[in-house]
Amino acid sequence: MEKSASSLVELHPIVAQRWSPRSFDEGVALSDEDLTGLLEAARWSPSAGNGQPWRYVVGRKGDALFHRISNSLVPANKIWAEKSSALILVSVLKYRDDGTPRTTAQYDAGLASSLLTVEAHHRGLAVHQIGGFDHDGLAKSLNLDEGLQTIVVLAIGKTAPADLLPNETLRQREVAERTRLPLSDIVLAGAPLAEFSVN
Ligand SMILES: Cc1cc2nc3c(=O)[nH]c(=O)nc-3n(C[C@H](O)[C@H](O)[C@H](O)COP(=O)(O)O)c2cc1C
């Protein structure tokens with residue numbers, strides 16, 4: 001399904017066409033090549049002072065880590081995300097070696113997830129970010145170091161038709177138009193917005 005963004009000027013197709021599906025093809029496994037490509041894309045993301053504070057736990061469908069991550073999702077997310085091919089927990093290092101807080105760690109991890117998402121789309125995969133999970137419970141179940149803060153789970157896989165989703169609410173959300181605030185709301189000053197009309 002195409003859910004292309006409407007924008008004032010033409011965007012790179014991956015940027016325009018990326019979206020967050022909930023219907024994933026249950027029968028698709030994530031290959032080692034694709035998984036490595038996604039993690040490499042994240043690895044090469046920029047970060048403050050090249051600090052690279054992101055840390056990942058990767059669960060692939062059928063393995064124990066996938067089950068642990070899946071079981072931590074709130075029911076409204078678990079119902080669709082457990083059909084994905086991989087669930088990746090993104091966490092960040094909270095402190096530098098000298099004990100001072102890494103104040104940009106979440107921003108850095110967001111950038112890395114963004115590049116991972118672009119690489120996924122390029123490979124014919126889709127990523128849906130999930131904040132709705134039991135953060136403390138998952139950290140405990142994975143025995144995560146206390147110095148790590150859990151941020152999101154990334155559900156990754158091949159998109160499937162909307163009508164395979166298990167209930168009508170999800171089916172409707174899947175086909176709903178993607179919306180955004182207009183640029184004039186988010187750019188406070190300095191952009192030539194009036195020259196363009198939405199296409
Ligand atoms: C940090 C973060 C947390 C999110 N948490 C959830 C979630 O718990 N459940 C869900 O269905 N979608 C979640 N989303 C997905 C957003 O709802 C989605 O990206 C947004 O509605 C825009 O849709 P689009 O990505 O298709 O353009 C999350 C996205 C982000 C970035």
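**Loop, sheet and ligand**

Tutor: Pro46 sits in the loop between α2 (32-43) and β1. Helices (H or I, at least four residues) and strands (E, at least two) are DSSP runs, numbered from the N terminus. This is a predicted model: local features need pLDDT of at least 70, side-chain atom pairs count only at pLDDT 80 or more, and totals for chains, interfaces and linings use all residues. Residues are numbered from 1 along each chain as its sequence is written, and side-chain values use heavy atoms, with hydrogens and water left out.

Student: What does Pro46 touch, not counting residues up to four places away in sequence?

Tutor: Pro46 touches Trp54, Leu111 and Leu115. Contact means heavy atoms within 4.5 Å.

Student: And how far apart are the C-alpha atoms of Pro46 and Leu65?

Tutor: They are separated by 28 Å, with the two residues 19 apart along the chain.

Student: Now the sheet. What order do the four strands have?

Tutor: The order is β1-β2-β4-β3, in an open sheet with antiparallel pairing. Two strands pair if DSSP finds at least two bridges between them.

Student: Which are the edge strands?

Tutor: β1 (54-60) and β3 (126-130), each pairing on one side only.

Student: How many bridges join β3 to β4?

Tutor: Five, and the two strands run antiparallel. β4 covers residues 148-157. Val127 has Ile156 in β4 as its bridge partner.

Student: Which helix packs on the sheet?

Tutor: Helix α3 (residues 64-72), which touches β1, β2 (86-93) and β4. The direction of α3 makes about 105° with that of β1. Axes are lines fitted to C-alpha atoms, for helices over the stretch in contact, and angles run from 0 to 180 degrees between N-to-C directions.

Student: Ligand next. Which residues come nearest?

Tutor: Of the 14 residues around the ligand, Ser20, Arg22, His128, Gly131 and Arg180 do. A residue is near if one of its heavy atoms lies within 4 Å.

Student: Which element gives the largest share of that shell?

Tutor: β3, with three residues.
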